[in-house]
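I opened this structure to look up its secondary structure, its surface and its helix packing. My entries are below.

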Amino acid sequence: MSDVFAVDLALDFSPTVPSAVLDSVRWHLGGRATRDETDVVDDMPDFVPLLSGRGPAVRVGGVLTGELFQGADHWSLTARQEIHAELLPELDSLVQMLAYNARTEGVIGQMRFHEEDVPELLINRSGTLVRVPLRAADPTVS
């Protein structure tokens, strides 16, 4: 058994999103480094890029991906990753920052424990991250 979560994100930013936000997203996607050397202690980084996985997913099936794209009037982020439970606090901080800066209102992603069938929705409500746990339909109710 593994403590892995499937995380899917899809959201847009305005064209005026702060460059620090874009730099952070790029770093999490595995792009150019923005963290300095002081973040490394004993060859272990304090921060781990959370959206940098590429290729086949080990536990959740499908493909791990992450892409930031600049359109004519906005930035778009789409990512699908496997995240270990010990990294959930870092993921929560990242998704809160994304929600705060997102132009997309409503559902911006979902998260699901790899052994569960039903995800938890990640919703942006006016810049605030709201988590909405879903539940399986009751088969006895028609």
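These are my notes on the chain as a whole and then on its two helices.

Entry 1, ground rules. I am working with a predicted model, where local features need pLDDT of at least 70, side-chain atom pairs count only at pLDDT 80 or more, and totals for chains, interfaces and linings use all residues. Residues are numbered from 1 along each chain as its sequence is written, and side-chain values use heavy atoms, with hydrogens and water left out.

Entry 2, the chain. I looked up the secondary structure and found two helices and nine strands. Helices here are DSSP runs of H or I with at least four residues, and strands are runs of E with at least two, numbered from the N terminus. Along the sequence I read β-α-β-β-β-β-β-α-β-β-β.

Of the 142 residues, 39% are buried (under 20% relative accessible area, 1.4 Å probe, protein chains only). The accessible surface is about 8400 Å², and carbon and sulfur atoms hold 53% of it (Shrake-Rupley method, 1.4 Å probe).

At what angle do α1 and α2 pack? I found about 140 degrees for α1 (residues 19–28) and α2 (residues 88–101), with the axes 11 Å apart. Axes are lines fitted to C-alpha atoms over the stretch in contact, and angles run from 0 to 180 degrees between N-to-C directions.

Entry 5, the contact. V21, S24, V25 and H28 of α1 meet L94, M97, L98 and N101 of α2 (heavy atoms within 4.5 Å). I sorted these contact residues into five nonpolar, three polar and no charged (nonpolar: Ala, Val, Leu, Ile, Met, Phe, Trp, Tyr, Cys and Pro; charged: Asp, Glu, Lys and Arg; polar: the others, Gly among them).

Notes:
Buried means under 20% relative accessible area, exposed over 50%, partly exposed in between (1.4 Å probe, protein chains only).
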